[in-house]
Amino acid sequence: MTAVEQTRHLATTIPGPKSSALIERKTAAVSRGVGTTMPVYAARAAGGIVEDIDGNRLIDLGSGIAVTTIGNASPRVVEAVAAQAGRFTHTCFMVTPYEEYVAVCEQLNRLTPVAGDKRSALFNSGSEAVENAVKIARSYTRKQAVVSFDHAYHGRTNLTMALTAKSMPYKHGFGPFAPEVYRAPLSYPFRDAEFGKELATDGELAAKRAISVIDKQVGADNLAAVIIEPIQGEGGFIVPAEGFLPTLLDWCRKNNVVFIADEVQTGFARTGRMFACEHEGIEPDLIVTAKGIADGLPLSAVTGRAEIMDAPHVSGLGGTYGGNPVACAAALATIATIESDNMVARAAEIETLMKERLGRMQADDDRIGDVRGRGAMIAVELVKPGTTEPDADLTKALCAAAHAQGVIVLSCGTYGNVLRFLPPLAISDELLIEGLDILAAALKAL
């Protein structure tokens with residue numbers, strides 16, 4: 001394994017000549033529907049740096065959208081993947097099972113904040129795991145309807161597109177979508193403030209608003225599940241007001257509705273806890289995980305209460321590649337790294353550093369409407385000066401300026417006006433500070 005120097009370095013303009021040539025090849029060979037954020041092509045990556053094929057070293061504040069949480073090519077993962085690939089790469093767990101699948105399920109059952117006896121099942125992607133969580137909930141309750149929330153993102157398959165709120169680019173032109181999916185209002189403190197301070201700060205009140213909509217539009221007798229991201233991802237890193245999630249969970253328990261926590265983006269130390277549900281002591285019925293579970297290899301899971309997870313008939317769950325042995329080896333090594341290197345605490349340190357720096361920027365610039373998030377999942381919502389009106393153009397320009405200076409940043413949000421930061425927990429303070437300094441200078445220049 002070749003080390004990657006942990007400093008930002010621009011050997012060429014962005015993009016360099018080799019990346020430019022590959023951009024032309026991509027245009028000729030790859031579907032137009034597959035977009036890219038950065039105009040560079042990666043060659044190597046480790047820690048807090050991605051190095052492109054032109055020799056530019058970029059500060060990574062995205063982790064491949066919260067995937068390489070422990071750092072790219074983490075040593076334990078590389079070793080575990082190589083060893084497993086040398087033994088066997090696939091047999092299909094449903095045909096000739098293997099210990100690695102069972103071991104990952106044991107670890108998930110140990111770690112996840114679900115009460116009582118638990119079971120897990122493994123899949124390939126977050127979307128696939130969400131679909132299976134809904135299947136499991138419907139099988140258990142013998143009801144059909146599912147409720148998701150404003151600003152939600154749950155995936156790109158047909159059912160998960162229906163669960164997702166944002167049309168462009170995720171849903172536009174791809175319907176019709178799966179039926180029996182309904183939407184309720186989320187607690188969004190920054191935007192709820194427009195309707196009164198009490199609604200913005202009182203999570204219980206915001207939950208009662210959502211429950212009223214659910215009661216009127218769906219009815220508990222028809223509702224199999226409520227699915228929610230404890231901190232929304234693509235929707236804008238929205239942290240619901242305290243009390244929103246517990247009140248919603250309590251209503252679900254009283255009405256035989258399965259509470260599904262989608263922790264695809266928030267799981268595995270990302271938010272300063274192993275799982276975001278732990279911040280308010282939430283114990284969901286089912287929890288969906290992916291992204292950070294295996295440091296870049298395709299793996300996802302549904303974990304939940306044993307009586308719910310065991311509701312589907314034998315062979316009702318599965319898939320050819322689900323719980324691939326190489327991905328399972330990566331997941332076991334990832335979990336071992338998180339625990340042995342105390343990466344939950346590292347995420348909390350990153351939160352303190354980032355919020356302090358971004359808070360100073362906010363105090364000096366009224367275009368920063370909100371700074372929010374937990375752990376190494378932090379967002380800045382950009383608005384037009386002196387208002388709360390979203391400024392998507394400024395967000396796009398700021399991302400482009402950062403990219404040109406060798407800093408990987410991502411945007412998100414229903415209105416396209418949120419910068420999201422998902423640095424790998426292996427990043428150094430120095431790289432993190434340098435990246436934020438570059439961002440601050442770019443915002444000032446704009």
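User: Which side chains meet arginine 357 or aspartate 437 in a salt bridge, and at what N to O distance?

Analyst: A salt bridge is a side-chain nitrogen of Lys or Arg within 4 Å of a carboxyl oxygen of Asp or Glu. Here arginine 357 and aspartate 437 meet each other in one, at 3.0 Å from N to O. Arginine 357 belongs to helix α13 (residues 343–364) and aspartate 437 to helix α15 (residues 429–445), 80 residues apart; helices (H or I, at least four residues) and strands (E, at least two) are DSSP runs, numbered from the N terminus. The model is predicted: local features need pLDDT of at least 70 and side-chain atom pairs count only at pLDDT 80 or more, while totals for chains, interfaces and linings use all residues. Residues are numbered from 1 along each chain as its sequence is written, and side-chain values use heavy atoms, with hydrogens and water left out.

User: Are arginine 357 and aspartate 437 buried or partly exposed?

Analyst: Buried means under 20% relative accessible area, exposed over 50%, and partly exposed in between (1.4 Å probe, protein chains only). Arginine 357 is buried, at 15%, whereas aspartate 437 is partly exposed, at 35%.

User: Which residues form salt bridges with glutamate 234?

Analyst: Lysine 166 is one partner, with the closest N and O atoms 3.6 Å apart. Glutamate 234 lies in the loop between β7 (223–228) and α10 (244–254), and lysine 166 in the loop between α6 (158–163) and β6 (181–184). Glutamate 234 is buried at 8% relative accessible area, and lysine 166 is buried at 18%. Arginine 420 also forms a salt bridge with glutamate 234, at 3.1 Å between the closest N and O atoms.

User: How is the chain divided into domains, and how many residues of each are in contact?

Analyst: Domain bounds come from an automatic or database domain assignment. Domain 1 covers 17–73 + 342–445, and domain 2 covers 77–341. Contact means heavy atoms within 4.5 Å; 41 residues of domain 1 are in contact with 37 residues of domain 2.

User: What area do domain 1 and domain 2 bury between them?

Analyst: Buried area is the accessible area (1.4 Å probe) that two parts lose on being put together, summed over both. For domain 1 and domain 2 this is about 3200 Å², with 59% of it on carbon and sulfur atoms. Ile70, Arg374 and Met377 supply 24% of the area that domain 1 buries against domain 2, more than any other three residues.

User: How many salt bridges does the rule find across the interface of domain 1 and domain 2?

Analyst: The rule finds 2 there.
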